[in-house]
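User: I am new to this structure and would like to understand the terms used for it. Could you walk me through them?

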Amino acid sequence: MRASTYPLVDAEEAAGLVLDRTPVLPSERVALGEAAGRVLAQDMRAPSALPAFPSSAVDGFAARSADAGKTLRVVGESAAGRPFTGTLQPGAAARILTGGAVPDGADTVVMVEDVSVAGDVVTVPSNLQPGTNFHRPGADVRAGELVLRAGTQLGAAELGLAAALGFANVDVYRRPRVALMSTGDELVEVGQEPGPGQIVDSNRWALLAALREAGADVTSLGIAPDQREALRSVVGGALEAADVLVTSGGVSVGTHDLVKPLLESLGTVHVGRVKLKPGKPFTFATLPQGKLAFGLPGFPVSSLVTFEVFVRPALRKLQGFAKLQRPTLPVRLGYDARATADRTEYQRVTLVRQGSELVAQTTGSQSSSRLLSLAGAQALVRIAPGDQGVKAGTVVEAMILSLP
């Protein structure tokens, strides 16, 4: 064993340092069908108005408001995609269906329930008002209007809007390519029988899911041995294609913890320890060509908590997201939370709604090896360092993972 030469960095300072050194990846143009979940790289402005023509909001008859109270000749029909041709003359009406173009000359649409029809004539009410029951051109979107800002994630509504405006392709930020690796001779692959002193590698599978949920394209490198040259070979090969290296384990101070020395030889280690519980051995480095490396602790909960606090926001910045952090909400503690004297602690909780408040309940033992404390957790409660802890009933800030 050896003492760490890295200073303990405040968790918030470390998080800011990571983001300050995280670039935004270049953009690329993709087909609309490939853009779901991606982040828009340029502001989107409407090239034309929506709707492009006056369209009926109801089934009924297009007429002139000046003909209010009269019996009118029905001279044709306007359906969606099959507009009435010509101009509607005084004393005439046209049957119109929802979405149909309002004919030239008409300035109102009368609902079918409000008219009296007899053969080829229709009697309309005496209180017709111009502009009734149809959408004017540009009522939804004006030509040139800013409809989506850069940094917006493209979901169903955003893609539908882009399609309606005629964008077959969109400019989005590239997804980060992440190489994921576990380290440690004590690890075996899931499905294999552990030998004496060995454990199943669970971290890589948990991190694989977390990385994909955060939008990364992930290459799993498997388990790297605790051998300097073998580790260097695996990492060097992975970094040829990856933007980000994420490792699990090997970042503490044991003689077989080789990740920090390797990152030191490849680039600059900016954070080697943080004032965070769980997750003290977290490591962050920048590598040549703007690449990033995150060394996450080996304990399962430490690995996932440091991912949430440091890695996920960086992945979102790489993708150009406008909002980098998970949402936070004030919650009322339903238990007495112990504090750690010198480290910020993120405690795992479930949330229960009581009236207008969310109440946080502990998931049990907060041991950094107890993955069950995160399974089903809906939030991480931030407990500031100190000697007194936080009493039940106190309102604190919670990082929301999912809502009940």
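This is a predicted model: local features need pLDDT of at least 70, side-chain atom pairs count only at pLDDT 80 or more; totals for chains, interfaces and linings use all residues.

User: Why is the pair of phenylalanine 282 and phenylalanine 310 called stacked?

Analyst: Two values decide that. Rings pair if their centres lie within 6.5 Å, and planes under 30 degrees apart count as stacked. The centres of phenylalanine 282 and phenylalanine 310 are 4.2 Å apart and their planes are at 15 degrees, so the pair is stacked. By this rule the count comes to three aromatic pairs.

User: What makes this pair a link between distant parts of the chain?

Analyst: Phenylalanine 282 sits in the loop between β20 and β21, while phenylalanine 310 belongs to helix α6, 28 residues apart. Both phenylalanine 282 and phenylalanine 310 are buried. Along with Phe284 and Phe294, Phe282 and Phe310 form one aromatic cluster.

User: Which residues does phenylalanine 294 contact, leaving aside its neighbours within four places in sequence?

Analyst: Its partners include Phe282, Phe284 and Phe310, as well as Val18, Val244 and Ala314.

User: Which residues have the most contacts inside the largest nonpolar core?

Analyst: They are Leu211, Phe282, Phe294 and Phe307, in a core of 40 residues. Among the elements that give two or more residues to this core are α1, α3, β22 and α6. The most comes from α6, with ten residues. Apart from this core lies another, of 19 residues, including Ala224, Val251, Val259 and Ala285.

User: Why is aspartate 67 called buried?

Analyst: Buried means under 20% relative accessible area. Aspartate 67 has 4%, so it is buried. Aspartate 67 lies in the loop between β5 and β6. Not counting residues up to four places away in sequence, aspartate 67 touches Leu72, Pro90, Gly91, Ala92 and Val124.

User: How many cavities of 30 Å³ or more does a search of the whole structure find?

Analyst: The search finds two cavities of that kind. The second largest cavity has a volume of about 30 Å³.

User: What lines the second largest cavity, and how do its residues divide by class?

Analyst: The lining is made up of Asn203, Ala206, Leu207, Pro300, Ser303, Leu304 and Leu371. By class, five of these are nonpolar, two are polar and none is charged. Pro counts as nonpolar, and Pro300 is one of the lining residues. Helices α3 and α6 each supply at least two residues of this lining.

Conventions: Residues are numbered from 1 along each chain as its sequence is written. Side-chain values use heavy atoms; hydrogens and water are left out. A nonpolar core is a set of buried Ala, Val, Leu, Ile, Met, Phe, Trp, Tyr and Cys residues joined through side-chain atoms within 4.5 Å. Buried means under 20% relative accessible area, exposed over 50%, partly exposed in between (1.4 Å probe, protein chains only). Helices (H or I, at least four residues) and strands (E, at least two) are DSSP runs, numbered from the N terminus. Contact means heavy atoms within 4.5 Å. On a 1 Å grid over the protein atoms alone, a cavity is a set of points where a 1.4 Å probe fits but cannot get out, and a pocket is an open set with protein on both sides within 12 Å along at least five of seven lines; lining residues have an atom within 4 Å of a point. Grid points are joined across faces, edges and corners, and a volume is the space filled by probe spheres set on the points. Rings of Phe, Tyr and Trp (its six-membered ring) pair if their centres lie within 6.5 Å; planes under 30 degrees apart count as stacked, over 60 as edge-to-face and the rest as tilted.
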